[in-house]
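Visitor: Could you walk me through a structure, one feature at a time? I would like to learn how to read each feature.

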Amino acid sequence: MSRELSTVSLRESRYKKLFMKNICTKLKPILSPKGSLPFYYSKEDLAVWKILLTQQLPLVRAVACPEYIEGLEKLNFLPDHIPSIDEMSKKLMQLSGWSLEPVDILVPSQAFFEMLAQKRYPTIRIIRRKEEINFYTNEAPDVFHEYFGHGPMLAHEKYSECMRLFGEYAQNCTDEILTKLNKIFWATFEFGLVKNNSGIKIYGAGILPSHQETMKIVNDNNLNLQKLDISTNLASSLQGNISQPIYYYVESLDCLHNIIRNDLYHLIKHG
Ligand SMILES: [Fe+2]
């Protein structure tokens, strides 16, 4: 099946209608039902994957945090093969107990956090087009973002525990708290940096799969960097297809773990 056919069938079909009918109420209709059509990649899709992987691998090995690199080596992405959700889940399950769940559209916040609490990461399978190699402009993520951005950190036991905890704490929140949580998620798991005496390293899944974003962090001497303090009103844009106004950093991923375990818990309980 061509990319066009699979994308059209997924986006325009009953899944979208089901989602609109059930938005924010139940998780089940959002997930691709078991036995749904397998996802096929065209030659063009495979070429895009190969270009992205070949371009980003040497770059991220130099600028990503060690925990990400560790996970990346374990996942062992190959230029001529886009792994299936099942393949990725099998690897992640062995490494950290996580699985990936195919979804066709962005999952609403409450359902998204519910899945994180269950160590199930919702994963969009389409891949960007060739003209979007350097900076993906779609508001929804693509499979390269999901696998290459989130995969290595989900493979890391301690870091993936941060994400599970985040999901656990985020259950049954008010809309006001949910908005704050979205911004915190954005400032950390999507666009987070580690900054300490050794310099700046990247762990955010919104940066590492993007050549333009990664180069910006490496080359821009005027980056607006702030130490992460989740008790403040974060300036996350909540849009993956534009650069962030401020990048928030932690001194180590252990610090991130402490922030989520303690500060986030306090924020949710006391507002
Ligand atoms: Fe993401």
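Visitor: In which hand does H6 pass H8?

Guide: The crossing of H6 over H8 is left-handed, a term for a near helix turned anticlockwise from the far one by less than a right angle, with clockwise giving right-handed. Helices here are DSSP runs of H or I with at least four residues, strands are E runs of at least two, and both are numbered from the N terminus. This is a predicted model, where local features need pLDDT of at least 70, side-chain atom pairs count only at pLDDT 80 or more, and totals for chains, interfaces and linings use all residues. Residues are numbered from 1 along each chain as its sequence is written.

Visitor: At what angle do helix H6 and helix H8 pack, and how far apart are their axes?

Guide: Two packed helices are described by the angle between their axes and the distance between the axes. Helix H6 (residues 109-117) and helix H8 (residues 157-169) pack at about 130°, their axes 7 Å apart. Axes are lines fitted to C-alpha atoms, for helices over the stretch in contact, and angles run from 0 to 180 degrees between N-to-C directions. H6 is therefore oblique to H8: angles under 35 degrees count as roughly parallel, over 145 as roughly antiparallel, 65 to 115 as roughly perpendicular and the rest as oblique.

Visitor: Which residues of H6 and H8 meet?

Guide: Phe113, Glu114, Met115, Leu116 and Ala117 in H6 meet Met163, Arg164, Phe166, Gly167 and Glu168 in H8. Contact requires C-beta atoms, placed from the backbone, within 7 Å. The residues of this contact divide into 6 nonpolar, 1 polar and 3 charged; Ala, Val, Leu, Ile, Met, Phe, Trp, Tyr, Cys and Pro count as nonpolar, Asp, Glu, Lys and Arg as charged, and the others, Gly among them, as polar.

Visitor: Which residues touch the most other members of the largest nonpolar core?

Guide: In soluble globular proteins, nonpolar side chains tend to be buried together. Here Phe166, Ile202, Tyr203 and Leu208 touch the most other members of a core of 63 residues, a set of buried Ala, Val, Leu, Ile, Met, Phe, Trp, Tyr and Cys joined through C-beta atoms within 7 Å. Buried means 20 or more other C-beta atoms within 10 Å of a residue's own, exposed 12 or fewer, and partly exposed in between, with C-beta atoms placed from the backbone.

Visitor: Where is Asn76 found?

Guide: Asn76 is in the loop between helix H4 (66-75) and helix H5 (85-96). Most residues other than glycine have a negative phi. Asn76 has a positive phi of about 50°, and Asn76 is exposed, with 8 other C-beta atoms within 10 Å.

How values were computed
Two residues are in contact if their C-beta atoms, placed from the backbone, lie within 7 Å.
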